[in-house]
Amino acid sequence: MRDTTDTTELSRRTFVVTSAIAGAGLLLGVRIRDDRARSNGSAPSLGSEPFAPNAWIKLDETGDVTILVHKSEMGQGVWTALPMIVAEEMDADWRRVRAERAPTRPDLDTATGGSSSIRESWQPLRRAGATARAMLVAAAAKRWGVPERECATSVGEVVHTRTRRRLGYGALAREAATMPPPDEKSLTLKDPRTFRIVGRDTRRLDTPAKVTGKASFGIDVKVPGMLVAVVARCPTFAGKVASVDDSRARAVSGVRHVLTLDPVPKQLPGRVAVLADDTWSAMQGRKALDIQWDLGEQAAFSSDAMWQEARRAVDEGTDAKINRAQGDTTVRQSEGTRTVEATYELPFLAHACMEPMNCTASVTADKVELWLPSQFPEPARGVAARLANVPLDHVEAHVTFMGGGFGRRAYQDFVVEAVQLSQRAGAPVKVVWTREDDIQHDMYRPAQLQSFRASLDANGRLITLQNRIVGPSTEAWWNPATTTPQRREGGETPPYDYVNTLNDFVRVPAPVPLGAWRAVQNGQNGFCFESFIDECAHAMQIDPVAYRLMLLGPNRPRQQAVVRLAAEKARWGTPLPRGRGRGIAFFDYDGTYVAEVAEVTVTKRDGVHVDRVVCAFDCGTIVNPDTVRAQAESAVIWATSAALFGEITMKDGRTVQSNFHDYRVLRMADSPAVEVHLVRNNEIPTGVGEPAVPPLGAAIANAIFAATGQRLRKTPFRLADLNIAAM
């Protein structure tokens with residue numbers, strides 16, 4: 001069992017608590033993690049530096065509890081789940097719990113991604129809540145003149161168990177603020193068997209504001225004196241402005257400025273921005289621009305040419321960088337063994353967030369203020385400080401709700417534009433990207449080829465497994481000097497028993513901006529590896545469920561349990577009509593175990609339709625089951641969309657697709673019925689938002705094989721890639 005927030009890492013000094021009168025109540029602060037201390041092996045000294053908590057609990061005298069949430073809410077439910085953890089240990093009355101966004105500061109862990117919010121915050125937030133509870137008990141015991149051991153808590157009250165006297169938390173708030181925080185060693189966490197908030201379906205705290213339109217997303221921000229900017233970007237990735245005639249644009253009513261911006265390496269090509277009183281005027285002004293572009297050195301790049309290079313490289317393996325080599329890595333054909341080989345292809349993908357990129361900036365001589373839907377607001381502050389040449393603590397960032405993130409909002413290109421333009425215009429500026437801007441200037445998931453060769457013993461066990469990945473490298477894109485050309489999340493250590501293995505990577509350069517996409521490398525590796533495992537099962541004529549259970553072995557009971565659960569709920573093995581099939585895939589996402597069974601129909605007229613997906617999900621302790629189910633359902637829809645439709649292509653140095661008409665996503669009529677079955681246990685919670693993405697493409701591919709006898713090794717799955725005559 002892995003615990004990334006192991007309590008052994010939390011010393012008395014790194015887990016510090018303060019209390020203070022905040023108006024007329026109790027304010028508790030807790031440091032969730034301290035990367036400075038971890039990096040140098042020391043811990044912050046309480047006596048030598050100011051205490052800077054990165055999570056707060058506010059209790060006022062009415063009994064209302066406010067939890068400040070340090071992670072960005074982009075639909076994944078942290079706005080509710082993190083307060084639930086605190087409230088559980090605090091024994092608060094959930095009906096009186098509120099959430100507020102914590103401020104963005106350099107020492108705070110505000111980065112949101114990698115399905116890490118609950119995984120990293122679980123133990124620190126539990127201890128924060130338990131600390132508050134202990135201080136409230138101490139305050140009540142002092143008032144009653146009784147030993148603390150005679151006191152307990154119950155739903156926002158302290159109870160003297162012997163006399164049944166009760167005091168609400170609000171009545172104790174001021175006095176509790178004067179109590180010393182309990183010693184770390186004496187802190188007692190609740191027995192999970194007594195949880196009454198964690199583990200129950202809980203309505204989200206952000207829902208009322210979102211359904212009534214009161215919630216503020218980045219696109220909703222309005223600042224006095226603000227101009228709206230719409231930007232024309234060079235269509236090629238590294239091109240720049242050769243010349244511009246902006247006379248017609250300046251004549252559009254409402255247009256105030258037309259500004260030319262130089263390229264920003266790795267992030268933005270040359271641009272011409274139109275700043276106007278409103279979005280419509282800015283868009284009309286952009287249409288009126290007459291720009292001559294210098295398309296740059298990569299104007300001839302095409303993804304077709306890159307694929308040709310990748311297909312050559314996958315066989316030759318020139319300049320392959322070894323990620324992992326274990327044992328005898330040679331695949332041999334000998335008596336009693338069988339060799340299986342396959343190669344898979346995955347295209348570039350865009351994020352296509354429902355809310356396009358946007359940011360509002362107000363730059364003055366000595367200060368920058370940002371309003372932004374960002375997964376990484378602290379790097380945004382750093383970028384703004386450098387561009388505006390002001391100290392970091394002169395940059396204030398207001399993080400808004402966001403209409404999807406999926407990794408796209410980890411980058412700062414839209415922040416750069418807002419700061420640059422506010423600085424140039426001398427006014428607050430909101431930069432608004434259109435859908436076309438988003439899709440044609442994304443940080444794309446890299447395209448990949450993956451080849452596999454394996455030798456299997458007479459029982460089908462993996463004796464030697466070779467896996468080569470070929471394609472552009474996200475790491476090398478951002479850091480050409482890196483010695484780690486491509487991370488191999490979810491692929492370096494497959495979750496099955498094997499004896500010998502060789503993983504390597506061949507980089508095929510491409511002038512395409514690359515970035516994290518929901519599940520990052522796990523997405524590609526999940527599809528390729530679980531497709532290949534299915535091919536091994538078929539080669540050995542072993543049922544795919546039984547084959548995976550055999551490879552998992554008896555030492556992985558939780559992993560085996562989700563495979564069995566998915567198979568049972570999907571009625572694995574029961575007959576289906578002609579043209580329909582079931583496929584299964586399993587994935588270990590950093591300790592979250594997911595097995596999915598896809599049921600598909602394949603017809604000569606309509607191609608592949610995913611009818612049903614059964615998802616078995618073990619993420620350890622479940623904080624809010626409703627959110628976990630929603631995240632798994634969302635991941636299934638997301639991954640199905642990518643498997644059936646997702647593909648970004650490049651021609652003449654630019655992205656071909658531009659909007660949802662040619663970068664299609666799953667629509668309601670396309671969507672499968674989704675069943676999510678949660679495994680309940682008391683293990684440390686792991687990630688939720690991404691883990692159901694990686695195995696689904698493989699489950700669909702395996703189902704297509706079951707329905708047609710044909711193996712599709714390339715996404716998106718197209719009817720043209722099937723031999724219709726053989727169906």
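A pocket is an open set of grid points with protein on both sides within 12 Å along at least five of seven lines. The exercises below concern a predicted model.

**Exercise 1.** State how much space lies in the second largest pocket, and identify which residues lie nearest its centre.

*Solution.* 
1. The space in the second largest pocket amounts to about 350 Å³.
2. Its lining consists of 19 residues, and those nearest the centre are Val 231, Ala 232, Arg 233, Arg 286 and Asp 437.
3. Two or more lining residues come from each of strand 9 (227-233), helix 7 (279-287), strand 13 (290-294), helix 11 (435-440) and strand 27 (654-655).
4. Among the contributors to this lining, helix 7 gives the most, namely 5 residues.
5. Sorted by class, the lining comprises 8 nonpolar, 6 charged and 5 polar residues.

**Exercise 2.** Determine how many cavities of 30 Å³ or more the whole structure holds, and describe the lining of the largest cavity.

*Solution.* 
1. The largest cavity has a volume of about 140 Å³.
2. Its lining is formed by 15 residues; Leu 346, Arg 445, Ala 639, Ala 642 and Ala 643 lie nearest the centre.
3. Helix 13 (521-539) and helix 16 (625-644) each provide at least two of the lining residues.
4. Helix 16 accounts for the largest share of this lining, with 3 residues.
5. By class, the lining of the largest cavity has 10 nonpolar, 4 polar and 1 charged residues.

Key:
Residues numbered from 1 in each chain as written. Predicted model: local features only at pLDDT ≥ 70, side-chain atom pairs only at ≥ 80, totals over all residues. Heavy atoms only, no water. 1 Å grid on protein atoms, 1.4 Å probe; cavity = no way out; pocket = protein on both sides within 12 Å on 5 of 7 lines; lining within 4 Å. Points joined across faces, edges and corners; volume = space filled by probe spheres on them. Helix = DSSP H or I, 4+ residues; strand = E, 2+ residues; numbered from the N terminus. Nonpolar A, V, L, I, M, F, W, Y, C, P; charged D, E, K, R; others polar.
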